[in-house]
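Welcome! Here is a short briefing for anyone meeting this structure for the first time. Take a look at the sequence and the model, then read on.

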Amino acid sequence: MPPPALLLASTSTYRRELLSRRRLPFEAAAPGVDEAPTPHQTPLEHAQRLALEKAAAVARSRPEATVIGSDQVAVCKGEILGKPGNLERCREQLHWLSAAAATFYTAVAVVQATHGQTLQFVDTTTVYFRALADAEIERYIAAEQPFDSAGAFRCEGLGISLFARIVSEDPTALIGLPLIAVARTLRQLGYEVP
């Protein structure tokens with residue numbers, strides 16, 4: 001018997017591209033979840049809550065499917081880094097990250113509502129930034145315009161040159177979806193992952 005349809009509870013082009021690397025058919029659906037933080041929640045708890053809420057929201061409309069929800073929260077010097085959205089915020093974030101370390105919590109929830117099953121996991125990645133000169137920051141932003149990426153960089157592109165090192169169990173987690181753990185979970189649920 002084939003496994004259930006696979007759904008990604010996300011509108012992120014980055015997560016869709018990552019999941020497509022598994023060469024499994026899937027659909028993407030907008031979860032429509034309010035992503036505002038709740039009081040007294042740690043960044044890790046925030047990422048875990050949103051991953052589960054996203055998967056659960058899509059699973060309510062497609063209970064027969066396997067739904068993957070994911071969320072990522074980035075923290076540097078006690079401050080949560082959102083998506084900058086514009087040039088000035090990119091500059092601010094990269095100055096904040098210069099010669100510092102940022103921790104990225106990438107949480108995933110996999111929900112099979114019909115079977116009453118939920119599997120959750122988190123990848124923690126720490127990125128150590130080089131000391132960045134103003135001119136380097138300006139050149140990087142002009143070249144890549146990472147306005148839609150938390151931390152104002154894209155590690156899969158030119159942003160990798162901003163780092164001194166990365167500590168992670170799964171390099172794809174930093175992009176938004178830890179494929180090693182996702183593949184392991186899908187195999188556990190009966191999917192033939194190449």
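A residue counts as buried when its relative accessible area is under 20%, as exposed when that area is over 50%, and as partly exposed in between. With a relative accessibility of 15%, Thr126 therefore counts as buried. Please keep in mind that this is a predicted model. The chain has an average pLDDT of 95, and 100% of the residues score at least 70.

**Confidence along the chain**

- Strand β1, residues 6–9, has the highest mean pLDDT among the elements of the chain, at 98.
- The lowest mean among the elements belongs to β4, at 93.

**The largest pocket**

- The largest pocket holds about 720 Å³ of space.
- Which residues lie closest to its centre? Of the 34 residues in its lining, these are Arg15, Asp71, Gln72, Lys83 and Ala150.
- Two or more lining residues come from each of α1 (13–20), α2 (43–61), β3 (66–76) and β4 (79–81).
- The biggest contribution is that of β3, which gives four residues to the lining.
- Sorted by class, the lining has 16 nonpolar residues, 10 polar ones and eight charged ones.

- Arg15, Leu18 and Leu19 are the buried residues of α1.
- Ser10 sits in the loop between β1 and α1.
- Is Ser10 buried or exposed? Its relative accessibility is 6%, so Ser10 counts as buried.
- Setting aside residues up to four places away in sequence, Ser10 touches Arg15, Arg16, Ala28, Ala29 and Pro31.

**Helix α4 and its end**

- Helix α4 has Ile137, Tyr140, Ile141 and Glu144 as its buried residues.
- They span an arc of only 95° around the axis, which means that they share the same side of α4.
- Arg139, Ala142 and Ala143 are exposed on the other side of α4.
- Part of what covers the buried residues of α4 is α3.

- Thr126 belongs to strand β6.
- What does Thr126 touch, not counting residues up to four places away in sequence? Its contacts are Ala101, Ala102, Thr103, Arg165, Ile166 and Val167.
- Thr114 lies in the loop that links β5 (101–112) and β6 (117–129).
- The relative accessible area of Thr114 is 56%, so Thr114 is exposed.
- Beyond its neighbours within four places in sequence, Thr114 is in contact with Pro63 and Glu64.
- Thr114 and Thr66 are 48 residues apart along the chain, and their C-alpha atoms are separated by 9.1 Å.

- Ala99 is found in the loop between α3 (87–97) and β5.
- The phi of Ala99 is near 60°, a positive value in a residue other than glycine.
- Ala99 counts as exposed because its relative accessibility is 57%.
- Glu35 is part of the loop between β2 (27–29) and α2.
- With a relative accessible area of 44%, Glu35 is partly exposed.
- Apart from neighbours within four places in sequence, Glu35 is in contact with His46, Leu50, Lys54 and Asp71.
- Glu35 and Pro4 are 31 residues apart along the chain, with their C-alpha atoms separated by 28 Å.

Key
Residues are numbered from 1 along each chain as its sequence is written. This is a predicted model: local features need pLDDT of at least 70, side-chain atom pairs count only at pLDDT 80 or more; totals for chains, interfaces and linings use all residues. Side-chain values use heavy atoms; hydrogens and water are left out. On a 1 Å grid over the protein atoms alone, a cavity is a set of points where a 1.4 Å probe fits but cannot get out, and a pocket is an open set with protein on both sides within 12 Å along at least five of seven lines; lining residues have an atom within 4 Å of a point. Grid points are joined across faces, edges and corners, and a volume is the space filled by probe spheres set on the points. Ala, Val, Leu, Ile, Met, Phe, Trp, Tyr, Cys and Pro count as nonpolar, Asp, Glu, Lys and Arg as charged, and the others, Gly among them, as polar. pLDDT is the predictor's confidence in each residue, from 0 to 100. Buried means under 20% relative accessible area, exposed over 50%, partly exposed in between (1.4 Å probe, protein chains only). Contact means heavy atoms within 4.5 Å. The arc is that of the directions from the helix axis to the C-beta atoms.
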